Amino acid sequence: MSVGELAGHFQLATHVLRHWEAMGLLHPARDGGGRRRYDDAHVVRVAAILRAKEAGLTLEEIREVLQAEAPGVRRAHLERHRDVLRRRITHVQACLDMVECALDCDHEDLATCPQFLSIVG
C-alpha cells in the first residue's frame, strides 16, 4: 500500500509516517519509482507505535524497544514503563473513585460529606 493508504487507515497525516521513517521506526520498501510501499507488517507496526504512544512512551523510547536486539534489553525498557503505567492507573482509579463518590453524594456541599472527605483526603 502507499503512504497515503497507510496513513488513511490510521487517520494520520502522511508526514507522520515520513517522520517515523526518518526516526527509524518504519522501513518501507520502495517501488521502481522510489515510492514507499507498505505491507501488513507495517500496519501492525504502526498500530503498535500508536498504542505505545497512548501508553506514554516517547518516539525515542518506542524506537529503543522496537530496535532492541536482545530480548533482555527490550524487557528492561518495558518493565520500567510498566511501573509508570501502574502508577498512572492507580492515580486515575483514585480520581474515578472521587468522581463516583461525588455523583452518589446527596450532600449539598461535598466538603461536608464524610465519605467524600475520606476519599479526597
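In this predicted model, His42 touches Leu6, Leu26, His27, Pro28 and Arg37, leaving out residues up to four places away in sequence. The residue itself sits in helix H3, which covers residues 40-54.

Next up is the nonpolar core. The largest one is built from 20 residues, and Leu17, Trp20 and Val46 have the most contacts inside it. Four helices, namely H1, H2 (14-22), H3 and H4 (59-67), each put in at least two residues. H3 is the top contributor to this core, with 5 residues, and H3 is also the helix that holds His42.

Trp20, one of the core residues with the most contacts, has quite a list of partners once neighbours within four places in sequence are set aside: Leu12, Leu25, Leu26, Val46, Ile49, Leu50, Lys53 and Leu59.

Over in helix H1 (residues 3-9) sits Gly4. Gly4 is partly exposed, at a relative accessible area of 37%, since that value falls between the 20% and 50% limits. As for distance, the C-alpha atoms of Gly4 and Phe116 are 51 Å apart, and 112 residues separate the two along the chain.

Key. Residues numbered from 1 in each chain as written. Predicted model: local features only at pLDDT ≥ 70, side-chain atom pairs only at ≥ 80, totals over all residues. Heavy atoms only, no water. Contact = heavy atoms within 4.5 Å. Buried < 20%, exposed > 50% of the residue type's maximum accessible area, 1.4 Å probe, protein only. Core = buried A, V, L, I, M, F, W, Y, C linked by side-chain atoms within 4.5 Å.
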